[in-house]
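Here's a quick tour to read alongside the structure. Keep the 3D view open and click on things as they come up.

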Amino acid sequence: QVQLVESGGGLVQAGGSLRLSCAVSGRTFSSYVMGWFRQAPGKEREFVAAIRWDGGSTVYKESVKGRFTISRDIAKNTVYLQMNSLKPEDTAVYHCAAGTVYYPTFANAYNYWGQGTQVTVSS
């Protein structure tokens, strides 16, 4: 069983930066796709970024390109989301997810989800 635990959320001013971490425990696979999704109150869950564990190729939501960077540290079994130039519209609960098939932008393709970490960007 795979367990994901997010950390690093908090309150920041617009234009600030935050780095989210997702610690992976339990059994995992090098072919897992790791993704970040976010959900704001009253809105649907939204794809943010994803990375192939094996190879490290990445995909991003268009609106975060150039501002957010997803990465992974294989030795630490950890996935990161570096968020720069944060905007109020980035405010949401951010969830880390792990999938075994490569459909990175689709939430239904992911098998495991973390509890989420709150990111609040003030203006």
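This is a predicted model: local features need pLDDT of at least 70, side-chain atom pairs count only at pLDDT 80 or more; totals for chains, interfaces and linings use all residues.

**Salt bridges to start with**

There are five salt bridges by the rule used here, which asks for a side-chain nitrogen of Lys or Arg within 4 Å of a carboxyl oxygen of Asp or Glu. Residues are numbered from 1 along each chain as its sequence is written, and side-chain values use heavy atoms, with hydrogens and water left out.

**Who pairs with whom**

- R38 has 6% relative accessibility, so it counts as buried; the label "buried" means under 20% relative accessible area, "exposed" means over 50%, and "partly exposed" is in between (1.4 Å probe, protein chains only).
- E46, at 28% relative accessibility, counts as partly exposed.
- Another salt bridge links the side chains of E62 and K65, at 3.0 Å from N to O.
- E62 is exposed at 59% relative accessibility, while K65 is partly exposed with a relative accessible area of 46%.
- R67 and D90 also meet through their side chains in a salt bridge, with 2.8 Å from N to O.
- R67 sits in the loop between β6 (58-60) and β7, and D90 in the loop between β8 and β9 (92-99), so this pair ties together parts that are 23 residues apart in sequence.
- Both R67 and D90 are buried.
- Salt bridges with shared partners join R38, E46, K61, R67 and D90 into one network.

**The whole chain**

- The protein chain has eleven strands and zero helices; both are DSSP runs numbered from the N terminus, with helices being H or I of at least four residues and strands being E of at least two.
- Its radius of gyration is 13 Å, close to the 14 Å that the globule rule gives for 123 residues, so the chain is as compact as a globular protein of that length. That radius is taken over C-alpha atoms, and the globule rule is 2.2 Å times the number of residues to the power 0.38.
- Along its principal axes, the C-alpha trace of the protein chain spans about 40 × 30 × 25 Å.
- Of the 123 residues in the protein chain, 39% count as buried.
- Take the contacts (heavy atoms within 4.5 Å) between residues at least 6 apart in sequence: 54% of them join residues at least 24 apart.
- The protein chain exposes about 6,400 Å², and carbon and sulfur atoms supply 47% of that; the areas come from the Shrake-Rupley method with a 1.4 Å probe, and for residues only the protein chains shown count as cover.

**A four-stranded sheet**

- Four strands make an open sheet in the order β1-β3-β8-β7, with antiparallel pairing; two strands pair if DSSP finds at least two bridges between them.
- β1 (2-7) and β7 (68-73) are at the edges with a single partner strand each, so one side of each has no neighbour in the sheet.
- From one strand to the next, the twist averages 15 degrees. Angles like this run from 0 to 180 degrees between N-to-C directions, using axes that are lines fitted to C-alpha atoms, for helices over the stretch in contact.
- Six bridges join β1 to β3, and the two run antiparallel. In β3, C22 is the bridge partner of E6.
- Strand β3 (residues 18-26) is also joined to β8 (residues 78-83) by six bridges, again antiparallel.
- In a regular strand the side chains alternate between the two faces of the sheet.

**Zooming in on S21**

- S21 belongs to strand β3 and stands opposite Y80 in β8.
- With 15% relative accessibility, S21 counts as buried.
- Leaving out residues up to four places away in sequence, S21 touches V5, E6, S7, W36, T78, V79 and Y80.
- S21 and V79 are 58 residues apart along the chain, yet their C-alpha atoms are separated by 5.8 Å.
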